[in-house]
Every structure is written in C-alpha cells, then in structure tokens.
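Trainee: I would like to learn how to read the features of a model one by one, beginning with the general idea and then turning to the case at hand. Could we work through it together?

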Protein chains: 2
Amino acid sequence: MKSEIITIGDELLIGQIVDTNAAWMARELTQSGFDIAAITSVGDQSDSIVKAIDNAFERAEILLLTGGVGPTNDDITKHTLCQYFHTALEFNDEVLQNIETIFLRRNIPLNHLTRKQAYVPANCTVIQNKLGTAPILWFEKDGKVLISMPGVPFEMENAMCDEIIPRLQERFQITEYLSRSCIVTGISESALATQLAEYELELPKGFSLAYLPSLGYIRLRLSVWGEEHKVELKLQARKLKKLLGLNIVSKGAKMPEEILGGKLRKKNLTLSTAESCTGGFISHKITTVPGSSQYFEGSIISYDSLIKEELLDVDRDLIETYGVVSGEVVEQMARTVAKKLHTDCSIAVSGIMGPDGGTKENPVGTVWIATQYNDKIISNKYNVGRSRRENIERTANTAMLQLLQMLKS
Amino acid sequence: MKSEIITIGDELLIGQIVDTNAAWMARELTQSGFDIAAITSVGDQSDSIVKAIDNAFERAEILLLTGGVGPTNDDITKHTLCQYFHTALEFNDEVLQNIETIFLRRNIPLNHLTRKQAYVPANCTVIQNKLGTAPILWFEKDGKVLISMPGVPFEMENAMCDEIIPRLQERFQITEYLSRSCIVTGISESALATQLAEYELELPKGFSLAYLPSLGYIRLRLSVWGEEHKVELKLQARKLKKLLGLNIVSKGAKMPEEILGGKLRKKNLTLSTAESCTGGFISHKITTVPGSSQYFEGSIISYDSLIKEELLDVDRDLIETYGVVSGEVVEQMARTVAKKLHTDCSIAVSGIMGPDGGTKENPVGTVWIATQYNDKIISNKYNVGRSRRENIERTANTAMLQLLQMLKS
C-alpha cells in the first residue's frame, strides 16, 4: 500500500533540526506493511503544503503529515487542511477535555491560545492525542486517507503505535515486508557486486538486494513484499551467506559495536583498548551501547609517543626501529592494555589520520590494528582513506570487525 | 534564490537511515544565501526521481541531488539524469584518473564496475570528487541548475564547501549574508530569550537573532542580508556581547573542541582527560581537530571502578565514602591524569548516562566534572538529561566549556 510522509516546519528547511520523525515513521510503516513512495519536507506556508499534498496524492493512497499544529500563529496546517477539504473549524468538547486534563496534570493555567486547539475541521475523524494538546485529524477522500499529527516526536510516536498503524492496517488489507540483512567486510563494494552479479540475476521476481556501504564495511539487505515469500527468502539468504564466505561478519541489522558487545557478553569476555590515532573513538563507540560496562573496562589513549612508553610499556627501541605506526608497536600496546586492565581481549591502533603527518612509507590513512583474544594476537596494516573524520571512523569499525572475526573462529 | 534538495535511496524510505545530509545541506545553503523551498526523499526508481525533479523545478532555480550514484545496479541516478537531460554517457579520462589514484592509495585493484564510474553524461560539467569514486555532475537547463552528488556524507560535504557553494554564489550573484555568532552557556534557552526580549525588539529592520541550541550550550547568530549593514552589525554584536556578560564563552561559529584547542595552543598549554561515563568521547572530540597532537597528550578511560583505583590512584575509601559519582573522585582523577601524562590542564568526568544505573540520589543524567589548570581545580555537578547518547555529548561539551571558562579568566 503506497504511502507518503510530509513533514512541515520552517526549522526543517533551514537545517536547524534533522528530520528524525520521517525516518522513524518510515521504519515503523515499512515494518507494518506499508510502502513509502516519498518523503517531503515543506515550510509553514499554505501553498507549499497544498502542493505537497497534491503531489503525494498522485502517487499514494495514504498521507501522513506531522508538524505545524501548535497554538501559535506560525502554525497553519489545520487551516490549510480546512481549505483543502472544503470545510470549516468547529468546536470539539472532547478535545477541550483532553487539553484540560493535560494542563491540570502539568499544573499550568489554560490560556486562549491553547483553547483554540479544541477547534477542529468539521468533516474529519478526531483522534485524541493522549500526550499533548494538538489532536490527530483523520481525513478520507476518494478512498484515500490523510492523517495530520503533531511534530513533537513522542506524541507522534505514541499516536502512530497506538492508533494510526492499527487503524491503517484494518482499513487497508496489508502485505508484509520481509527482509534479511548482514554485514560484510574485507571487500570493496564493486568487487562484492561482481561476486554477486549472477546471484542477483537469478533472484526470483520481487526479490531485491541492496548494498549499503558504511565506513569499513558494507551492509547487504535482501528483501521482498508478501508473507508468502517467507520460505524462499530463507533459502535465498542461505545461498547468499554461502557465497559471502569468510567476508560475512554477522547477520542482522545491528552496528559493529552492538554485534561486538553481544558476542563479548555471550562468551563472557572483557575488553580494553589502547588507542593512538583514533583518540578514544573506539572506546566511545563501544560505550554508546547501554550495558557496555558489563564487558568494557576502559582504555589508555596515548596520543603522544612518550605516553606509549610510560603507560603502555612500549620500548623506545621498538619505536625507533619500527616506527610508532607499526605492527610491533600496536601488538605491544594491545598486550600491555589487556594486562593492566585485566581483560580477555584488547584492541590497539596507531596510524596517521591526516590531514598532516603523512610520510612516503606511511601516507595519510595508514593504520596498524592489533587485536588480542587470550593468547592469540593479530596485527594488520590498512589504508583507510584521506579525510580525517572518515579515517577515524573507518579505523574504529575495522578494528571492531577484526576482533569480531577472531571471536567468530 | 530558491533551491530544493532531493535525497535519493531506498534506505531513506524504509527508515534504515536518518537523512542527515538534507539537514546539513539546508543549513549550509541557508547560511550561504540560498532559500530552501522543499526537501524530498525518493527511492532508487527512475520515475520517482524524474517526478521529484519536475516538481522541484516548478518552484526552484537550483536543485541539489544526493545519492544513488554508486557503482552497483541499484544506483540509477546517473542513468535517470541522462534520460532527463536527453543525453548519453561518455567516457571521461579525468574521472578515471581520479578513481585510479583513490584505488592505488587504498591498494585495491580496479574492476570493471568501478571503471563504469568514469562514464558521465555528455552535456554536463564534471566536478572531481576528491574523496570518492563517484564524480559530481552539474547540469544547466533554461537558466536553472541541477547538481548530482554522492550520498556519502563527507564526500558530499567536502564537495559542497569546496566547489558547489562557491560556484553557485558566483553563478547566481547572491546578496551577501552577514552574520556574527557566539557560544553561550550556563543559561536555559527560555531564560536567555527573556533576557534578550527587549534587545530583539529594538533590532533594526532586516536584522534577526537566531537561537541554535546544542547539547550543553546555545549558539546565537545575529544576521542580516546586504553588505551595507556591516557597521550596524558590528554595533549590534557589541551590544549583545555586553548583555550576555559572563555567559558568553566565545565568539565565532566554531565548535567547543576547536575553541578549546585554539586557546590551549595560544597559551602553549597541554591537556589530558580522565573519563568514566563519557567513555572516551571528550578525548575523541578533542582529537577530531587537525593538529590536536600539539596540545593533547592522551587519556585514561576508567569505565570500571577498579581501573579508577589502579590507574588513576583514586582511594577505595574515597569511592566508598563519597561514591564513584562525586566531586572528590573526579578531582582525584583530574589530578592523577595531569600528573601521569605531564599536562598543564586536565578534565575528569564521572556520571550516570543511562538508561540504567540511576539511584534516588544520583538519577540518570547526574554527572560530576572536574577541570584543572595548573594549581587550580574546579568541580561541578550537572544534570545533563535522560537519553544516553545526548547525555554523553552534553557532558563532553559542558566539560570542555568548563575548562574554557577557567582559561578565559
């Protein structure tokens, strides 16, 4: 069932806020069997909103609007919808009751601006917004549906889950969206596409394979619409897994730090990092995962060479012989941090992230990564790119995936 | 000058990624004098892309496209643009050279799929993508412009700043946009707005003051269109600075880590961090700044309590008496890390980032921050919020600004 999302607000068009509402709605709708044809953001101007609705109704049966429904004068979605559906505002007792309950709970006196929220278009179905003062409006026209919701994320999310999606699923009899994702590393996107060219050609009708490249890995997504394809999807996913061989790191749609965290937790292992060029980014990524304190102990960030000697017991001789960006140095860093922080596993990195500091032997982007798991230690050299921020992120992902590959075997 | 943004990719429509590109572009374009009429996201289907372009050209003179330009079969933007502009692909030597350089640097062999990237539409201007293999395509039609860029954020951002915006400003003779920014901390947005209400009312015609709240600080931007307002802008900025008093941390549009880096460099000071709850994020932020190795020595990330005792010399007694989230503990952490890493300044943090781990005395969001500068040490307690990711970022910014305030005096 084709749907479209329209997010309304000047703040979107000047880039003051990122449109997380659209992504949230798109994900929930897709997983509930709705197909999103387009997402449009427009400002708080009546003609822009009308034009966006017209364009969307050309392609879709369901339109979801958020934003522009506050009590102040710059919010004009409700008036625009009255115009669009040739109707007028009328007072709604239930909406006022809902507003009064909310104000009582927050202990704020009601003012005339808020009372205006109880006026709703005459020919729509009103759905109460349990968490806010702007009601949800459901319009029907020529077998199509338009729903206007507030732009406040938790109000919109609550309304979507509790009211909108269940009503839409009942109103339109929905096809299910099935998908399988996995993470692949150690191969370029084009080499991977070449390797999978025949497999893609032979995919049954309706199946599609998407490549989603990230820094240091590629996410593959195999998908199809319709519950009847469940068995075939499983078969195709298995076939894909076989083709990917050792390059496949993990199934599912999770991030490297989540996968690594899950693996460490499952194996009851602990982790520490010794970072030079990534400056704490690996440690940061790992600790974005809630509950990471169960397996992560800490890090020694030795941005300066002297700190490598003093805190990570790297011999000055080693640095002088092999250089600070070398397998020998990162291995020593990995060993020391695991010992000092009493962990089963460790990650150590040293490299040149740029824009300066490159040499002929070690140009910007050169990085050595050591990973340790009990008695085993592996160190590899990579070239991660040229842009500083990208290099740091690619190094972090590559390092976590290198350890994950060790833990897999 | 009316512009529109079209972001292309199935991953946007299934909500797998949040469209941060659109927000980034909208902000940069607005600040460079362009007015965004709408933002549209469509999938990798030719007819959807064409329809979106048609709709956008009805309203705007400038169209910026990102995405759908990878080497794989699911990326069809380039072919769609050939159709749209009635042209065919032709081989471009310079693009191939750029691709070869990139592959050589990454030490990956070139294959036929990547070579395909060197085919570009015949009637467009090709701009080299210095950071990736997909070239930037600039089309002109009836006095309007369409630019197709890769969807990889850092490639797009680099191309926008270095090539696209300067060329657009030249092509469309943009009125100069004048602005002054500053960073304000230690005051809520609504309190700040109340404090500045009169000032805002008295601003001369055409001047506007924007509040851009970030995590841990608010950026204020005073702006006006037209070079003739240069002197008045300077006067108004001075008046604003006086009103803000001690809450103003810094002038300019830089990030806290850049301002702190600049200050340390100017005063010839060095820095280290001892982080618990931020897990290395402060260290990471500081080291995103090129050349930070000149003043940043490193960190000890003690996610576990035992590591605080062993590596940061925090007495067990201190932890048992005051708790691990306390002024006493962070002060000890700050002192030790500065001593062990031989730095003039240090930052130490300990707190509860959530979603679990909160107590009645120390609910989720509680954090203690100590900053040291030579013999002076300050520790403050904050409550940073409720969402883990936000808490980590707000803590990092607050910590850097706390040190900056110390260095100012």
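Mentor: Let us start with accessibility, where a residue is called buried under 20% relative accessible area, exposed over 50%, and partly exposed in between. Please keep in mind throughout that this is a predicted model.

Trainee: Returning to the loop between α13 and α14, is Val314(A) buried or exposed?

Mentor: Val314(A), which is found in that loop of chain A, counts as buried at 2% relative accessibility. For its surroundings, we set aside residues up to four places away in sequence, and then Val314(A) touches Lys308(A), Glu309(A), Ile319(A), Val329(A), Gln332(A) and Met333(A). One of these, Gln332(A), is 18 residues away along the chain, while its C-alpha atom is separated from that of Val314(A) by 6.1 Å.

Trainee: How should I read a cis peptide bond, and where does chain A have one?

Mentor: The angle to read is omega, which is about 0° for the cis peptide bond joining Gly354(A) and Pro355(A). Pro355(A) has its place in the loop between β15 (345-351) and β16 (366-373) of chain A. In chain B, the peptide bond from Gly354(B) to Pro355(B) is cis as well, with omega near 0°, and Pro355(B) lies in the loop between β15 (345-351) and β16 (366-373) of that chain.

Trainee: Now for a glycine in a loop of chain B: where is Gly68(B) found, and is Gly68(B) buried or exposed?

Mentor: Gly68(B) is found in the loop between β3 (62-66) and α4 (77-84) of chain B, and at 9% relative accessibility it counts as buried. Leaving aside neighbours within four places in sequence, the contacts of Gly68(B) are Ile8(B), Asp44(B), Asp75(B), Ile76(B), Thr77(B) and Lys78(B). A separate C-alpha to C-alpha distance, from Gly68(B) to Gly151(B), is 7.1 Å across 83 residues of sequence.

Trainee: How many disulfides does the structure hold over all chains?

Mentor: A disulfide is a covalent bond between the sulfur atoms of two cysteines. Over all chains, the structure holds zero disulfides. Take Cys124(B) as a case: the closest cysteine sulfur, in Cys82(B), is 8.0 Å from its own sulfur, which is too far for a bond, since a disulfide needs the two sulfur atoms within 2.5 Å. Cys124(B) counts as buried at 12% relative accessibility, and Cys182(B), with a relative accessible area of 6%, is also buried.

Trainee: Finally, how should I read chain A as a whole, and what is its radius of gyration?

Mentor: One way is to set the chain against a reference: a compact globule of 409 residues would have a radius of gyration near 22 Å, but chain A has 27 Å. Its C-alpha trace spans about 85 × 55 × 40 Å along the principal axes, and its secondary structure comes to 16 helices and 17 strands. Of the 409 residues of chain A, 56% count as buried. Among contacts in chain A between residues at least 6 apart in sequence, 68% join residues at least 24 apart.

Trainee: And what should I note about the surface and charges of chain A?

Mentor: The accessible surface of chain A comes to about 17,300 Å², with 49% of it belonging to carbon and sulfur atoms. Chain A carries 44 positive and 51 negative side chains, and the centres of these two sets lie 6 Å apart.

Methods:
Residues numbered from 1 in each chain as written. Chains lettered and ligands numbered in written order. Predicted model: local features only at pLDDT ≥ 70, side-chain atom pairs only at ≥ 80, totals over all residues. Heavy atoms only, no water. Buried < 20%, exposed > 50% of the residue type's maximum accessible area, 1.4 Å probe, protein only. Helix = DSSP H or I, 4+ residues; strand = E, 2+ residues; numbered from the N terminus. Rg over C-alpha atoms; globule rule 2.2 N^0.38 Å. Contact = heavy atoms within 4.5 Å. Areas by Shrake-Rupley, 256 points an atom, 1.4 Å probe, with all protein chains shown as cover. Lys, Arg positive; Asp, Glu negative; His and termini not counted. Charge placed at Lys NZ, Arg CZ, Asp CG, Glu CD.
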